[in-house]
Amino acid sequence: MKLYSYFRSSAAYRVRIALNLKGIEHDMQFVNLLKSEQLAQPYLDKNVQGLLPALETDEGVLAQSLAILEWLDESYPQTPLIYGTAWQKAQIRNISYAVACDIHPVNNLRVLKYLSNELGVDEQAKAAWYRHWVELGFEKIEMMLSENNEFCVGNTPTLADICLVPQVFNALRFNVDMAAYPKIAAIYARCNALPAFSDAAPQNQRDAV
């Protein structure tokens, strides 16, 4: 199994965490987004979308992080990422999708590049754009979280935590004030105390610069 990754890719970060939590052996292939290596033909031959991550398996290549995570959970049921009653599973997905579908798409690298390169948005305005969508999303997620849980849903990490942690990492890079979201900040700290999360962090990747 091979994971195509870039150290600051939030979506690749999610998959790195899941592979670590499940203890799945894998090789890493680094694709530099800043050098547009994801658009080079050798990578496009693997992933026609030209995005990260991609997971190469014996069955083929998967190229959407949530599809990868759910495939991993079904194929490697140890340390499940989605578990519990139907309602609990829905709550896990609810928070996961709030990050992956509502916050991340409008703030990923290709959107930020388009703002700068095509629309002429300056760095200050681009940062304001980023913070607006993160703060709006975090405000709602903070309301979804229970103070009685150690993690997003229950007392063990789930898909929801896997999605949330990379988004918080990026929020801190863009100077989002996490004091406004104490439950999210506490979950982020608890997750990063676990080797599966800390070892997957961007600064701990071999391609980190």
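**Exercise 1.** Which helix gives the largest share of the lining of the largest pocket?

*Solution.* The model is predicted: local features need pLDDT of at least 70, side-chain atom pairs count only at pLDDT 80 or more, and totals for chains, interfaces and linings use all residues. Residues are numbered from 1 along each chain as its sequence is written, and side-chain values use heavy atoms, with hydrogens and water left out.

Step 1. On a 1 Å grid over the protein atoms alone, a pocket is an open set of points where a 1.4 Å probe fits, with protein on both sides within 12 Å along at least five of seven lines; lining residues have an atom within 4 Å of a point.

Step 2. Helices are DSSP runs (H or I, at least four residues), numbered from the N terminus.

Step 3. Helix 5 gives six residues, the largest share of the lining.

**Exercise 2.** Describe the space and centre of this pocket.

*Solution.* Step 1. The largest pocket holds about 930 Å³ of space.

Step 2. It is lined by 38 residues, and Leu33, His104, Asn108, Leu109 and Arg110 are the closest to its centre.

**Exercise 3.** Find the residues that touch the most other members of the largest nonpolar core.

*Solution.* Step 1. A nonpolar core joins buried Ala, Val, Leu, Ile, Met, Phe, Trp, Tyr and Cys residues through side-chain atoms within 4.5 Å; buried means under 20% relative accessible area (1.4 Å probe, protein chains only).

Step 2. Among 55 residues in the largest core, they are Leu72, Phe138 and Ile184.

Step 3. Helix 7 supplies the largest share of this core, nine residues.

Step 4. A second, separate core has eight residues, including Tyr6 and Leu33.

Note on methods. Grid points are joined across faces, edges and corners, and a volume is the space filled by probe spheres set on the points. Helices (H or I, at least four residues) and strands (E, at least two) are DSSP runs, numbered from the N terminus. Buried means under 20% relative accessible area, exposed over 50%, partly exposed in between (1.4 Å probe, protein chains only).
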